[in-house]
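Please examine the two-chain model shown here. The report that follows concerns selected residues and the contact between the chains.

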Amino acid sequence: MEPIITVDRVVKRFGRDVRALDGLSLTIPAGVIYGLLGPNGAGKTTLIRILATLLRADAGVVRIAGFDVGRDAEEVRARIGLAGQYAAVDNHLTGRENIEMVGRLYGLSRRDTRARTATVLDRIGLIDAGNRQVKTYSGGMRRRIDLAASLVGRPQVLFLDEPTAGVDPGSRRELWELIRDLVDGGTTVVLTTQYLEEADNLAQRIAVINRGRLVSEGTTEQLKDRTGPAVLELSIPDTQQAAAIDALRHVATVPASYNRQRGALVLPAIDGVATLREALRALDAAAITPTDVGLHKPTLDDVFLTLTRSDHTTGQGQHFAAVAGTGTHEGSETS
Amino acid sequence: MTIAAVTPRRFGRALTHTAVLTRRNLLANVRLPDVLLLSTIQPVTFMLMFLYVFGGAIETALPPAAHGAYINWLIPGILAQSAVFGASPTAYGLNTDRDTGVIDRFRSLPMARSAVLAGRTLADLTRSTLILLLQLGVGIALGFRWQTNVLGLATGVAVALAFGYACSWIMATLGLAVRNTEAIQAAVYMVVFPFTLVSSVFLPTTTMPGWLQAFAEHQPITVVANALRGLTLGQGALPPGQTVAGQTLLALAWTAAIIAVFAPLAVRVYRRSIS
């Protein structure tokens, strides 16, 4: 498929020392939901801000629908929509007025604005509530109005920066439905998320970003395959933790790491049961007896962990394990 | 970013967007009753406070042009002060818009760059106009009588509003450049209070110590207050050596100079504003 967005070796520094983006390259095909996944501070929001013409890259080229975001910012703006981390809607205006205002600022005529606003209000299911002031809305409704406002100009590309942050689970599912509908209408959606469940549920392709670099990219299934068919989980007494990690170092391509959420050491099991057997043999040789053993299908959590860790030295493994743990979803059962 | 030439179409677009945003900002005043109430009651209360607290003590020190009534002296000064106070919401409004992500959305839209600042400053000017007219009305009800003619009065109000509009651009710069809302509040008070108090707004400057007097007599708010007094009370209300036309032109010169410096500065800060 023809890419609608190309990001080529983009660098963005803040101050002298912080490289928010460190030579990142990506291509995003048209008409998909594309997830940018990474821990806090990975560079996701910086990338979205550059794509949405709010920030200028220090180096590299970004093109959207053939236009350079730096040089042809105006052309780019006419083709994009943005819903940021907060719902940027005015409390004192009604939902309808909020959307109409953005429509007028997109350059739509009064009549087009009215018609288009009615369409998007209908789409988000707030036709009736649209005439009330936003201050009476729930958090989920505010998000929906914000989303509708970003759609009123019929953008080819929609950027959503953590679209469901701070929204209750019920509203989150509604928002997901809405976002899926958009892609059926032909809009390309680029969203950032820390919720692995969100990326797993919504995105057709995912870029895992860490420390301003692309760690891995592909469809959800491809990413899961990269971890191998299974993940091995070993519960080891605290005092033997370090010795166990050392003993397991030749079992997988990446070192085992402690996952706080699960209270166990995890490592990718490339060869499934064979890896499990090998791991137990290695622990046995070091006179370590695990208190529990499990082999399960990889979740995005595991993908994230494996990918971000294999990219860096072991010292950072623990850190990302902790960060990734915050976004864990309920479906990670141990077999 | 290439600077696009100003074509009639682009200019028309900028006007439309400015109107859309001016309306949006004004609606915030109308629809939030507490804001509306506070922003109108406060200036009137201030005026009454100064009138009745200072009034009796001061009347003897007033020039004859005030006709022995402090209210005649105070109203032109209060109008000058209110025009300056009326500019501070520009700082808060833009700061809030940046914090809530509204400015991010505006900057991602294919809209005229000038419209966000123009829409904000024009909405604040509209509100200032209403507040000044309200104060003037209450003042007249309480006995304020202009000694010149209606044209003089209208010119005086216009000069005050023009100066207040210029101050809006200082506040716009402040509101976008300073991150923290409390810091902005502190900055606004630090600038606005000394400038309005150390002036001829409330009292003639003649009783101040010499070093303070030198500042008070030449700073722009005094110039504006004097211009208003000259325009409403006549030549006799001005310190020796000043003329009504001279003070009016000087007030307009200050207005133009402040806009010339702070409008481009505010636009620069706006372009670089990254939240």
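Ala253(B) counts as exposed because 12 C-beta neighbours lie inside 10 Å; in these terms a residue is buried if 20 or more other C-beta atoms lie within 10 Å of its own, exposed if 12 or fewer, and partly exposed in between, with C-beta atoms placed from the backbone. Ala253(B) belongs to helix H11 of chain B, residues 244-272. Helices (H or I, at least four residues) and strands (E, at least two) are DSSP runs, numbered from the N terminus. Between Ala253(B) and Phe163(B) the C-alpha to C-alpha distance is 9.5 Å, with 90 residues separating them in sequence.

The model is predicted: local features need pLDDT of at least 70, side-chain atom pairs count only at pLDDT 80 or more, and totals for chains, interfaces and linings use all residues. Residues are numbered from 1 along each chain as its sequence is written, and chains are lettered from A and ligands numbered from 1 in the order in which they are written.

In chain A, two residues other than glycine have positive phi values, as tabulated.

Across the interface, 22 residues of chain B are in contact with 25 residues of chain A, contact meaning that the C-beta atoms of two residues, placed from the backbone, lie within 7 Å. On the side of chain B that touches chain A, helix H1 (8-31) and helix H5 (102-108) of chain B are the elements giving two or more residues. H1(B) gives the most, with 8 residues.
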